[in-house]
Amino acid sequence: MKQEMEIYLHSLIPARQGLFAEMERYAMDHKVPIMEPEGMEALLQLLRLSRPAAILEVGTAIGYSALRMADAISGTKIVTLERDEARIAKAKEFIQKAGKQRQITLLEGDALEAVPLVKEHGPYGAIFIDAAKGQYQRFFELFEEFLEPGGIIVTDNVLFKGLVAQQDEAIEPKRIRNLVRKIRDYNAWIMSHPAYDTVILPIGDGVAISKHRGESE
């Protein structure tokens, strides 16, 4: 029943057209991970409701999520981080094709070393984490400093194809097993974080939404 329900819900999401359809085809052909449709729709609806003036994205890839967010909230400034040179080049191409150069600022380099640049463009009403899964907690801790009180942090892939619910001995190879452990640790950490209220939604590849409680330090 669960699988049938997922197929039904997926069928209700309108097919993307134009540039977004082109980007999805490119991502599939070149094995570039982009957010799954159900997770993307949830993210966009959350942003439509909260309407942050600025969004920080950790993990640009080819610019798909950044452009979807820019399209959903036209007045929002988006700052996005990417270190892979080939993906940076492709993201720039797509951003230019969409005419969103003024709305989207692409910062090149390792996110873990980009704190001064990120601070320069902040503060942010929302942060979207969709980069190296083993570094999720470090990204959260590094960049939450620039989140506005009451802002939200959204993390993708927190269920990791359901592997977080499996026993360790059933997960191979060891590299994936270690990554799953890190994601589990991150999920437990954010769910018990004293400054945030967090919910994990079992949509797409698992989306965690953490809302800052807004108390001043």
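**Tyr186 and Trp189**

I started with Tyr186 and Trp189, which sit 3 residues apart in helix α8 and are therefore separated by about one helical turn. This is a predicted model, in which I read local features only at pLDDT of at least 70 and side-chain atom pairs only at pLDDT 80 or more, while totals for chains, interfaces and linings use all residues. Residues are numbered from 1 along each chain as its sequence is written, and side-chain values use heavy atoms, with hydrogens and water left out.

I noted the general rule: an α-helix has 3.6 residues a turn, so residues three or four places apart point the same way. My helices (H or I, at least four residues) and strands (E, at least two) are DSSP runs, numbered from the N terminus.

Tyr186 counts as buried, at 1% relative accessibility. My cut-offs: buried is under 20% relative accessible area, exposed is over 50%, and partly exposed lies in between, with a 1.4 Å probe and protein chains only.

**Helix α8**

Helix α8 covers residues 174–191, 18 residues in total. From first C-alpha to last it reaches 26 Å, close to the 26 Å expected. The expected span is 1.5 Å times one less than the number of residues.

Which residues of α8 are buried? I listed Ile176, Arg177, Leu179, Val180, Ile183, Tyr186, Asn187 and Ile190. What do these buried residues pack against? They pack against β4 (124–129), α7 (136–143), β5 (147–156), β6 (196–201) and β7 (207–212). Contact here means heavy atoms within 4.5 Å.

**Aromatic pairs**

I found 7 aromatic pairs in the structure. Rings of Phe, Tyr and Trp (its six-membered ring) pair if their centres lie within 6.5 Å; planes under 30 degrees apart count as stacked, over 60 as edge-to-face, the rest as tilted.

Why is the pair of Phe140 and Tyr196 edge-to-face? The ring centres are 5.1 Å apart and the planes stand at 75 degrees, so the pair gets that label. Phe140 lies in helix α7 and Tyr196 in strand β6, so the pair ties together parts 56 residues apart in sequence. Phe140 is buried, with a relative accessible area of 1%. Tyr196 is buried too, with a relative accessible area of 2%.

I went back to Tyr186 and Trp189: their pair is tilted, at 6.1 Å centre to centre and 35 degrees between the planes. Tyr136, Phe140, Tyr186, Trp189 and Tyr196 form one aromatic cluster.

I also checked a charge over a ring. Arg68 lies over the face of Phe20, at 5.3 Å from the ring centre. The rule wants NZ of Lys or CZ of Arg within 6 Å of the ring centre and within 35 degrees of the ring normal.

**Salt bridges**

Side chains of opposite charge can pair when their charged atoms come close. I took a salt bridge as a side-chain nitrogen of Lys or Arg within 4 Å of a carboxyl oxygen of Asp or Glu. How many salt bridges does this rule give? The count comes to 10.

Lys97 bridges to Glu22, with the closest N and O atoms 3.0 Å apart. Lys97 is in helix α5 (residues 85–98) and Glu22 in helix α2 (residues 18–29), so this pair ties together parts 75 residues apart in sequence. Lys97 is exposed at 51%, whereas Glu22 is partly exposed at 25%.

Asp110 and Arg83 meet in a salt bridge at 3.7 Å, N to O. Asp110 is in the loop between β3 (104–108) and α6 (115–121), Arg83 in the loop between β2 (77–82) and α5, 27 residues apart. Asp110 counts as partly exposed at 25%, and Arg83 is exposed at 58%.

Lys92 pairs with Glu108, closest N and O atoms 2.6 Å apart. Lys92 lies in helix α5 and Glu108 in strand β3, so the pair ties together parts 16 residues apart in sequence. I also logged a network: salt bridges that share partners join Asp168, Arg181 and Arg184.

**Thr80**

My last stop was Thr80, in strand β2. Is Thr80 buried or exposed? At 0% relative accessibility, Thr80 counts as buried.

The Thr80 side chain makes polar contacts with the side chains of Glu57, at 2.5 Å, and Thr60, at 2.6 Å. A polar contact is a pair of N or O atoms within 3.5 Å; within protein, one must be able to donate a hydrogen and the other to accept it, and residues adjacent in sequence count only if both atoms are side-chain atoms.

Leaving aside neighbours within four places in sequence, I found Thr80 in contact with Glu57, Gly59, Thr60, Ile104, Thr105, Leu106 and Leu107.
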